[in-house]
Amino acid sequence: LIKYNVLISAGEGGSVSTSGGEFNQGSEISVTAVSQGEYIFKEWSDGNTNATRTINVSSDITLTANFEKKRKSMKYRWFSPTICCTDLATPDSCACP
């Protein structure tokens, strides 16, 4: 049997469900990137954007889960004779207090 090394790691702001290891050719590995705190999952180092994925082992593989900080919505307040809004991120839900 041919064996390959799989190395899976997480960048700042998260973790992964497995760090990999040595696997037989044709093995399938399920891995999940888990964000922490104020971070969200962005993508894997190969461009895949699914936080949970299955990897088919056919060669040595090195993957890193990349995370980014959540963007904070900008707050503002404006008034017109009929409209009041305080949240730029959700203007459709604007209502005066």
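Which side chains are joined by a polar contact of 2.9 Å? They are those of R53 and D46, a polar contact being a pair of N or O atoms within 3.5 Å where, within protein, one must be able to donate a hydrogen and the other to accept it, and where residues adjacent in sequence count only if both atoms are side-chain atoms.

The model is predicted, so local features need pLDDT of at least 70 and side-chain atom pairs count only at pLDDT 80 or more, while totals for chains, interfaces and linings use all residues. Residues are numbered from 1 along each chain as its sequence is written, and side-chain values use heavy atoms, with hydrogens and water left out.

**Sheet**

Strands of a sheet pair through backbone hydrogen bonds, either parallel or antiparallel. Here four strands make up an open sheet with mixed pairing, in the order β3-β1-β7-β5. At its edges are β3 (20–24) and β5 (39–44), each of which pairs on one side only. On average, neighbouring strands of this sheet are turned by 25 degrees against each other, direction ignored. The angle is taken between axes, which are lines fitted to C-alpha atoms (for helices over the stretch in contact), and angles run from 0 to 180 degrees between N-to-C directions. Strands are DSSP runs of E with at least two residues, helices are runs of H or I with at least four, and both are numbered from the N terminus. Two strands pair if DSSP finds at least two bridges between them. Strand β1 (residues 3–10) and strand β7 (residues 61–69) pair in the parallel sense over five bridges, and A10 stands opposite A65 in β7.

**Salt bridges**

Side chains of opposite charge can pair when their charged atoms come close. With a salt bridge taken as a side-chain nitrogen of Lys or Arg within 4 Å of a carboxyl oxygen of Asp or Glu, the count is two.

| Salt bridge | N to O distance |
|---|---|
| E38 and K69 | 3.1 Å |
| R53 and D46 | 2.9 Å |

E38 lies in the loop between β4 (28–35) and β5, and K69 in strand β7, 31 residues apart, so this pair links distant parts of the chain. Relative accessible area sorts residues into buried (under 20%), exposed (over 50%) and partly exposed (in between), with a 1.4 Å probe and protein chains only. E38 is partly exposed at 42%, and K69 is partly exposed at 47%.

R53 belongs to strand β6 (residues 52–56). Apart from neighbours within four places in sequence, R53 is in contact (heavy atoms within 4.5 Å) with I29, S30, V31, W44, D46, N48 and L63.

**Aromatic rings**

Rings of Phe, Tyr and Trp (its six-membered ring) pair if their centres lie within 6.5 Å; planes under 30 degrees apart count as stacked, over 60 as edge-to-face and the rest as tilted. Two aromatic pairs are counted. The rings of F41 and F67 are edge-to-face, because their planes stand at 75 degrees, with centres 5.9 Å apart. F41 in strand β5 and F67 in strand β7 are 26 residues apart. Both are buried, F41 at 17% and F67 at 11%. Ring pairs link F41, W44 and F67 into a cluster.

**V57**

V57, in the loop between β6 and β7, is buried with a relative accessible area of 1%. V57 and S27 are 30 residues apart in sequence, yet their C-alpha atoms are 5.3 Å apart in space. Residues touching V57, beyond those up to four places away in sequence, include Y4, V6, F23 and I29.
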